[in-house]
Structures are given as C-alpha cells and as structure tokens.
Amino acid sequence: MAILTIIIVDGFVFAAVLFLLSVGLTLIFGVLRILNVSHGGIYALGAYMGTYLALKVLDAGLNPYLTYLMLFLGALIVGLVAGPLIERLFLRRVYGRAEAIQLLLTFSILLILDDLIKLIWGTTPMLVSTPSTLLGQVSIAGIPYTWYHILLIAVSAVFGGSLVWLVRGTRFGKLVVAVITDREVSVAMGINVNRIYTVAFTLGAFCAALGGAAIAPTIAVAPGFALEVVVQSFAVIAIGGMGSLEGAALGALLVGLARALAIHLVPELELVVIYMLMLVVLMFKPEGLYGEAELRRI
Amino acid sequence: MSETMPILQTVDLTKSFGMVKAASAINIQISQGELVGIVGANGSGKTTFLNLITGYLKPDRGRTLIMGQESTGLPPRLVTMLGVARSFQIPQLYTGLSVLENVLLALAAGAKRGTEYWKPLYRDPWVEESLDLLQQFGLKPYAYRPVAELPEGGRKLLDVVLSFALKPRLLLMDEPTSGVSIEDKFEVMDTLVGVLQQSDITTIFVEHDMEVVQRYSRRVLVFDNGEVIADGKPESVLTNPEVRKAILGRE
Amino acid sequence: MEQRWSLASVAAVTVAALLFVAAPLFVPGWILFLLTLALAKFMAVLAVALFLRCGLVSFGHALFYAIGAYTVGFAHKWFGVREAMLLAPLGLCLGAGAAALIGLIMARYRGVFFAMLNLAVSMILYAILLKLYWVTGGTDGLGVSTPTLLGFVPPRGSFRMLYYYFTLVMAGAVIYLVYRFLASPLGYFLKALGDNEIRIEYSGQSVRRVIYVTYVLSGALGGLAGVLVAFTVGHIVPEYAFWLQSGEFVFIALLGGYASVPGPLLGAIAFEFIRTYASKYAPYAWQMTLGIIMLLIILFQPGGLWAMYEAVAARFGRRAGGVERV
C-alpha cells in the first residue's frame, strides 16, 4: 500500500515537472502550427538564468526567500527576450514554407542555444538548492519529500488553470482561438495576426523558461540539459494531443505515473517507458488523446 | 456485364455534417454511355455526392454500386481500381513536376500489372501515349514545362487528362469549367466532350453554368439541400420554374 | 524534370569518379580516413534525403545506423565473425528488416508525427543499448577489430586504403541503385507525394506503399552505413542510436542539398572537414556552428551546397554549349 502512495506522489511530481515543460510547446503548436524544437533550449535558459540570479542573491547575503522571486524573474527575462527574438528574427521568415523546414529551423536554434548556455555559464553544473530546502521536508509514506515538490505540483496546477482561463476567458484568448481557427478570416477581420503570433510564441517561451526555473532547484543544471528534455516534451504533447492544454496535462500525468511505475517496479524500463507510451497511444489514436483529426480538403 | 446493369447506382445514400444534411437518401441509376450533368446551388451537395461515391467520404447510410459491385465504404484508391476516375473543383496536380511527368505518373498508376517498377518512368510507350493524350487535349506545347506555367484553363484540362489517362469506365468531373474565363468555357468543353465521345466512357460532370449543362449533357440531375429534386432531359428540367428557383433563388 | 545528361555533366562525373579512385595516391592518411567516413555516412544521409524530398523529416534513422554498427560488434563478440563481405550485406539486411517492421506503422504518418515516431523508436534502441551494458558494453561501447576482406587480414600499412576502396565500391553501388530508384515510377511517386497525396490515391496507387518501400530502402542504406562506419572507426557506442545522430544526418542532407544524389555526398565530405576544423578551433561551439550553418542554409540557400554548384555549373555549361539539364 505504501508503495502505491509513493508511486502516486512520485508520479504527480514528475507530472508537474513534465507539464511545466510541455505546456509551452503545445501552446505554440496550437497557435502557430509549428513544433518548436528550440523549446528545450529556452527551458534550459530559464533554468540557468533563474539559478544564476538566485545564486547571486544568496551570495549577496540577501533574504533567501528572494530566490523564489529570482527564479520567476529569470524566467520572465528569458521569456521576454528569447520569445520575440526567435519569433521575429527567425520563425517569421519561414511561415508558409514546408513543415519540415520550419522544424529544422527550430532545431538549429536549439543547437545554438545549447552552446550559448555553455559559452555564458561554462560547463560546470550549477545548483541552487536553497529554494527547495528552504521550505523544509515532509514525509509521505515514509519517504522524505520536500515541500518544494508539493509546491511544484500546486504551481503547475495553478499555472495550467491560468492558461486555460487566459485562452477561454479573456479577449486575448478569443483572438488567439480566432486565429487558430481561420487565419485568413482573422486577417480580413482586422486582427493583427502577426502580433498574436509573437505574443503567443512569447507566452510559450515564458512557460518553457518558467518550467526550467521551477525545476532548477531540484536538479543541477548542466550542459546538454536542453537536449535531454526536448524529446520528453515531444512525447508528452504527442500523447496528449498537440495544441491542447488539457492534453498536455493528461499527457504529463500519464507519462509521470508511467515513469514512477517503471522506476519502482521495473527500473530497466525507466528511460524507454515514455517512448513506448508514445508509440502505443499514437498507434491507436494518431492525433493524441485530446487531438483533433484532419479536416476535409477537397 | 449485361447491357441493363447500371454503371453507377446509389441506394438511399445519406450523409450529414452535424445539422447539415449534405446528402439525403439519394437514389439514382446511371447507365453506360450516358452524359450526365449535375446542377444545384452552392452547398446543395454536388461535390459531397462525388466525394461519397468515390470513397473520400463514408456515407452515414446507404449503398453505392459500381458496375454491379458493392463499393460502399471503399477508399478512393479501390474505387478507382473498379474503373472510376475523377477530376476536382480545385485541380489536384503534382505541382513540383512537369506536365508530362504528371501524365506519366497517371499511366504508371493505371498500368498496375504492367508497371515493371524497375524500369524508368520515362519509357517509350508511356511517353508516346502521354504526349498523345496531351495532344488530344491541346496541352502538348506545355509537356516539358512545369505545371506552374499552365494557365488556369490548362490546369483544369490537365486535371481531366490525369483522370482520363486511367482509361476509366466512369469519369466524374467536378466543375470542369469553373475558373475558366467565359470566352474559353465552350472551347474547353468542346475539347473535353469531343475526346470523351470518341470513347464509350460514361461521364458525369458537376457544373454551375446552366448554359454549359444545357449544351453538353443529355440528362440532368438537379440537387437541392442534399436531395435530387429533378432528373431528366436538360430541355425539360432546366425550364421547370421550381428547378430554376432552387438553383438561382438562393444565390 | 527530364534527366538528360549534358556533356558538361558527364565530364564532371568522370572527373569526380577519377578523383575518388585516385585519392589514396595523393591524399594524406587522415583525409583518406575522413573520406571513408564521409562515403559511409553519405548512405545514411541519402536515406534521410529521400524523405526530405517529399517533405518528411526523419529524426530516427540513427536506429538503422546503430543496427548496422552493432551487427558488426556482436558478430565479432559472439561469433568471431569479422568478414567484411559477409557483414556488409548482413547489416544491410538487418537494417532493411527493421525498417520493414517499423515501416508498417510509420507509413501511416506524416509531418511532425513521422518525425517524432521514428525518433521514439530509435531512442528505445538507444536506451536498450545503454541499459543492457553487460551485453552491449553500455557507455563504453564495443571495440571492433579490423575486418577481413574475403578471408584475408589486410596488411597493416594498407588497410586504410583497402577500406577506402571497399567503401567506395559500396558507395558506387548505392549511387547507381538510388539513381535507378529515383528514375523509376516509385521514385517519382515519392516526389509527387510531397505535392499531392490525394491525386496519387485517386490514381489507384497507394501512398502508404510508396512510403513503405522507401522506408525499407532507407533502412537498408542506414544499416549499410553503420557497418561501414564501424569498420572504419573501430569502436561503436550507444550514441549511434541517439536522436542527435539522426539530426546529424538531417543536417548533412540539408547542407549538401537533399534534392539530388551527389548533394548528400558533398554534404558528408564538407561535414567531416568542418568537424575536424571546428574541433580544433572552436571545440565548445560545435553545436552552435552546426546550428548557425543550418540556419543560414534554410534562410538563404535551401538547396544546399549542390544547388550552389549547379548554379555555377549552369553558367559554365551555357558557355560550353551543352544541352542544359532542365
């Protein structure tokens, strides 16, 4: 019974991390119809920037609770800088070109970002553990977790909820939905589609950066981080349905629980369980669990 | 195949998209050798009908029989192999290839048993036949040019050539003259019908322009709201006031 | 367009062929090594390029590459087999076999899903290669001793050259076969696929079949590439199946120009040289170098190096008066 609890808690913690990682990716795909491979790079940038600022604050001897603010600030900076930069400077030039080319463009940006991180922060891993240890530990079913882990779950839930509200409940969200549904008509109606794209991409980038910053205190950020997570985020949104926020949540939950199950029951499968799940889901429902099938073209 | 078996028969063919009834219990029979025009207002279900009988859409209810064989639910590829070919409202062409290559591929697909995949696409019998086809439809000058260089009327003709090259028993054309300028419409139809009449292909064409239908078809089906509301000779059907109201009244 | 060979093209091909054949005579050992590597990898790049022609990106061809490489490793480790003439076709067949299996699923997908699904499969292999370290050597990988050619162990001084020629002959065969494929109906259907699947289906040809056959062919090419690289490098690691390896193939296809057969070869050679110099002068910016080059190609010269060559050759050909290749 205890093991079940552990698996569930672990599963939820993984799910929270995966959700924060993937929600930005699915958002960008939903609006721009582009799979942003550079997503992993922005995520890593957020992790590094957040960690860096938090460490600076600690070095300066300031109130350790400020590290949380620094993590958020780091994510904000990365999102607001990387987002518009990538979208306007690069992505915009390949709208309307073949899907494969757009994919490869974002892939090249990922490669650049991964090395950029090395150039700025070097290759030594960085860790700011204060935010995660500051809140103290909590014992669940005999296993020590930190309150930070629990906070992560809460943050991802709140974050997901806010995004859903943003898309469903606000005027901005309605504009976004209009653009997704029919770009040409939106232009004809006077909606500034270009601006929506930039804002949507920046929002997605901010989500990625925030995800990275949020998880940074629980791991040591090291080079290559970007590349590791990219594939996981693909799998999550493919399972959940690309472009769907609920899908990202469901996908994250499924993958998180599957991973927890694997780690505790069949450790050899830990790495592959995410890909196997992806294969199985896509074989039976190619558009993903919340995805939509294609429309008639003739 | 007996003389009396219809080449195309639909029984109770029905399809809805949510609240919209795109096809409503359509029951028709087309005999071999007929030249049938289909008219109706926008959204009356004409293209849906073609999509249903060629397998691009699956009906909610009803059956389709092609030359007596059950073809309900078969995908377009298998329907084509039963002897049906189709041209589209928006020409479906291989835009990255040359005009000749488009036709060559149609022949390659249609050859089936004789395709011999290890030989090149550019093989003499096929090249000859392709150029011949293009000649019949007046497109030979464009043979080696990219598809993008074809004028709009040429694109529609090529679309028909690609279906004609399959040597079908039943040819379906979706608005063969739409997008073609008024001056050229009759020229295009003259070419088309001229070639078609030399073979014994059964032809069904969807058309907006009533003059074209009047002039070229020998039987007219009128669609309205997914139903066939009239079926007969063009002179009688198209002069019927109810029919005219249905086709024009909504536009 | 029509594949008529102009005088200039025939001349160019002859010169290139002669250069390749005569290379060991005037080129230093390290360059010969790079050329061998390039000729081998070029096959895997060709496999990826075939799909890029119809708009499909594969981030999973490292799967077949790793299969080929580990075939060599296991053949030696478990059976003591080192014969090149045996292992090359074996790797090719195993690659094709894997593709025949996976292709059944892959042929149903396009776009992003095609890219991600074969990525997933290759990553599963990667994870297996990593985890089952008592079989595969894990992160240490497997050492591959010098293969024998027709039973003979190549003499020390000349085995670089012999491998070069072995690889060259294989590459020549591959080039011929792929040209035949691309000139055949299936090859054109492959290109047409990227334009209009609907028309293909309405012609009575199965799109899925076209993709499947191409996939199996690409698996064979990837497997063969893996075998040949294993021979040349002498050491294989699980990273051969990592998605970045697939990314490398895609990069090279883009760099050289995926619309032609020589393009990937040009790209592979260029890539090996770029890598050698980059590791010397900018070791920490290798990925960034790749990324920037890819960016520049996508934005400014999507046809890659081959397109640049063709532009130059066309101008030359016009002056020489040959019939222009359309």
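Me: Which residues of H3(B) are buried?
Reply: In this predicted model, where local features need pLDDT of at least 70, side-chain atom pairs count only at pLDDT 80 or more, and totals for chains, interfaces and linings use all residues, a residue is buried if 20 or more other C-beta atoms, placed from the backbone, lie within 10 Å of its own, exposed if 12 or fewer, and partly exposed in between. Residues are numbered from 1 along each chain as its sequence is written, with chains lettered from A and ligands numbered from 1 in the order in which they are written. H3(B) is mostly covered, with 12 of its 13 residues buried. They are Val99(B), Leu100(B), Glu101(B), Asn102(B), Val103(B), Leu104(B), Leu105(B), Ala106(B), Leu107(B), Ala108(B), Ala109(B) and Gly110(B).

Me: Which element of chain C is included in what covers the buried residues of H3(B)?
Reply: Helices (H or I, at least four residues) and strands (E, at least two) are DSSP runs, numbered from the N terminus. The cover includes helix H4 (124-136) and helix H5 (152-164) of chain B, and from chain C it includes H8.

Me: Which element gives the most to the side of chain C that touches chain B?
Reply: Counting two residues as in contact if their C-beta atoms, placed from the backbone, lie within 7 Å, 22 residues of chain C are in contact with 28 residues of chain B. The elements giving two or more residues to this side of chain C are helix H8 (185-195) and helix H9 (197-202). With 8 residues, the one that gives the most is H8(C).
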